[in-house]
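Look over the sequence and the model before reading on.

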Amino acid sequence: MWLQEISPYTWAAIGTALAIGLSVTGAAWGIFLTGTSLLGAAIKVPRIRAKNLISIIFCEAVAIYGIIMAIIFQGKYSYVENPTAAPLAIFAGFALFWGGVTVGFANLACGVTVGITGSGCALADAQNRTLFVKILVIEIFGSALGLFGVIIGIVMTTSAKFN
């Protein structure tokens with residue numbers, strides 16, 4: 001089967017790259033969504049600039065989740081003489097690949113969710129300052145998606161060892 005002809009290290013590297021790449025993409029997308037609304041609303045109501053930066057920080061945390069998972073995944077790499085014939089190496093390669101896919105897409109969704117909610121938070125805060133904390137709580141629930149992805153990625157790759 002062609003899937004087993006590809007080196008497990010390749011699968012692991014692609015999974016690691018997806019974990020960090022999609023996490024950073026989600027963070028950038030969320031910062032874009034929040035930042036544009038924040039800057040636009042801050043022109044009319046300058047008081048919202050400082051406290052709405054928390055939404056940007058939540059988006060940056062998404063990228064940090066991806067970096068942390070990439071470091072954890074890299075720690076699982078070890079040398080195997082013939083990796084395509086070693087069942088443990090094949091399992092480890094696929095586990096790291098699918099763990100990276102899970103973490104990456106969870107953090108992509110998290111970044112977009114936090115970005116949309118942060119955008120709404122900035123606009124709502126510009127209209128009524130009492131809404132800030134209420135929407136911030138919803139934003140925290142959105143940022144939990146990224147943590148769930150990290151936890152699932154750790155659980156998926158716990159027993160991944162190349163030798």
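Which residues is Ala 106 in contact with, leaving aside its neighbours within four places in sequence? They are Leu 145 and Gly 149, where contact means heavy atoms within 4.5 Å. This is a predicted model, in which local features need pLDDT of at least 70 and side-chain atom pairs count only at pLDDT 80 or more, while totals for chains, interfaces and linings use all residues. Residues are numbered from 1 along each chain as its sequence is written, and side-chain values use heavy atoms, with hydrogens and water left out.

Ala 106 belongs to helix α5, residues 87–127. Helices here are DSSP runs (H or I, at least four residues), numbered from the N terminus. Ala 106 counts as buried because its relative accessibility is 18%; buried means under 20% relative accessible area, exposed over 50% and partly exposed in between, with a 1.4 Å probe and protein chains only. Its C-alpha is 5.6 Å from that of Gly 146, although Ala 106 and Gly 146 are 40 residues apart in sequence.

Thr 117 is another residue of helix α5. Thr 117 has 16% relative accessibility and therefore counts as buried. A polar atom of its side chain lies 2.8 Å from the backbone oxygen of Thr 113. Beyond its neighbours within four places in sequence, Thr 117 is in contact with Ile 135, Ile 138 and Glu 139.

The expected span is 1.5 Å times one less than the number of residues. Among the buried residues of α6 are Phe 132, Glu 139, Gly 146 and Gly 149. What covers the buried residues of α6 includes α3, α4 and α5.

Helix α4 passes the length check as well: its 22 residues should span 32 Å at 1.5 Å a residue, and its end C-alpha atoms are 32 Å apart, which agrees. Its buried residues include Ser 55, Phe 58, Tyr 65, Met 69 and Phe 73, and α2, α5 and α6 are among what covers the buried residues of α4.

How are two packed helices described? The description uses the angle between their axes and the distance between the axes. The axes of α4 and α6 come within 11 Å and cross at roughly 5°. Axes are lines fitted to C-alpha atoms, for helices over the stretch in contact, and angles run from 0 to 180 degrees between N-to-C directions. Helices α4 and α6 are therefore roughly parallel; angles under 35 degrees count as roughly parallel, over 145 as roughly antiparallel, 65 to 115 as roughly perpendicular and the rest as oblique. The contact includes Phe 58 and Met 69 of α4, and Leu 136 and Val 150 of α6. By class, the contact of α4 with α6 has twelve nonpolar, five polar and one charged residues. Ala, Val, Leu, Ile, Met, Phe, Trp, Tyr, Cys and Pro count as nonpolar, Asp, Glu, Lys and Arg as charged, and the others, Gly among them, as polar.

Helix α2, residues 8–44, and α5 have axes that come within 7 Å and cross at roughly 0°, so α2 and α5 are roughly parallel to each other. Their contact has 26 nonpolar, 16 polar and no charged residues.

Note on methods: Helix = DSSP H or I, 4+ residues; strand = E, 2+ residues; numbered from the N terminus. Polar contact = N/O pair within 3.5 Å; in protein donor to acceptor, adjacent residues only side chain to side chain.
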